[in-house]
Amino acid sequence: MAFAGLPLMLLVGALARIPGSEGGKETPAHFLHQWKHECRFLNGTQRARFLYREFYDRQEILRFDSHLGKFVALTELGKVDAERFNSDKQLLPTIKAEVDSVCRHNYEVNSYKTSKDKRAIGRKTKPTVTISPTKMEPDSPNTILLCIATGFYPVEIEIQWLKNGQPEKEGVAYGEELQNGDWTYQLMVMLETQPQRGDVYTCKVEHASLEAPITVQWEPRTSSSAKSKLWTGIMGAVIGVAFFSVGLFSYLKAKKAIPIQPPAALMN
């Protein structure tokens, strides 16, 4: 494969940064240093993504992401290599080309023909999408909306929050893709907002298994406490009117029953 030579190009610098290997010091007796190459796809090869990931002792220290086009250090240990690899005029163009020479190329090579002689890319499982609203604090005006996509495969997925049809950018936080026990994945995307009555929030999900995006909507409604206060006020008003009516009826009835006394002059 095209990236077979990349670990050799990267290994020289990477091993020099292993703790204990610098300055003639003895390397630790046991350590794990590994590389991973990943190709991720969305809508076939239209949205291909190549990842080179470097790990030391099960911790990711360095990453190249074709969406960014550069190496990014994830720990202090990876900083020197990230700076050096990004300035390497031979290495950087080579690894940038991997998204085409490896991912898109092998997508076609490894796919199989269906009965209609069309290319396919193996198993695809559609996500189930739900919205879960909650509040961090009961008195806070902010509401946390969680869009949860679960049970999907492959891992590449896009989730977007919209408010009244417009993309929301502020208050959005993305979780990490978590693997389920059945080789499917789940992902949560949070939106912190102050919903007003009449607003419509939409979670839009795009995935390779879908012919069209999944959209799930949520609208703010009167809270339980507000409903309780409203019903308490209504019941109080009804009871008050009832007591007033009974009192007025009793008063009028008593007034009608009082005998009329003749004037004192006529009695004499």
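**Notebook: disulfides in the predicted model**

I looked up the accessibility of one cysteine pair and found C147 buried and C203 buried as well, where buried means under 20% relative accessible area, exposed over 50% and partly exposed in between, with a 1.4 Å probe and protein chains only. I note that this is a predicted model, in which local features need pLDDT of at least 70 and side-chain atom pairs count only at pLDDT 80 or more, while totals for chains, interfaces and linings use all residues. Residues are numbered from 1 along each chain as its sequence is written, and side-chain values use heavy atoms, with hydrogens and water left out.

I then checked the bond itself: C147 and C203 form a disulfide with their sulfur atoms 1.8 Å apart, a disulfide being a pair of cysteine sulfur atoms within 2.5 Å. This pair links distant parts of the chain, since C147 lies in strand 8 (residues 143-152) and C203 in strand 14 (residues 201-207), 56 residues apart; helices (H or I, at least four residues) and strands (E, at least two) are DSSP runs, numbered from the N terminus. The torsion about the S-S bond of C147 and C203 is about -75°, so I recorded the disulfide as left-handed.

Next I turned to C39 and C103, which a disulfide joins with an S to S distance of 2.2 Å. Here too distant parts of the chain are linked, with C39 in strand 1 (residues 33-40) and C103 in helix 4 (residues 98-110), 64 residues apart. The link of C39 and C103 is left-handed, with -80° about the S-S bond. C39 is partly exposed at a relative accessible area of 31%, whereas C103 is buried at 1%.
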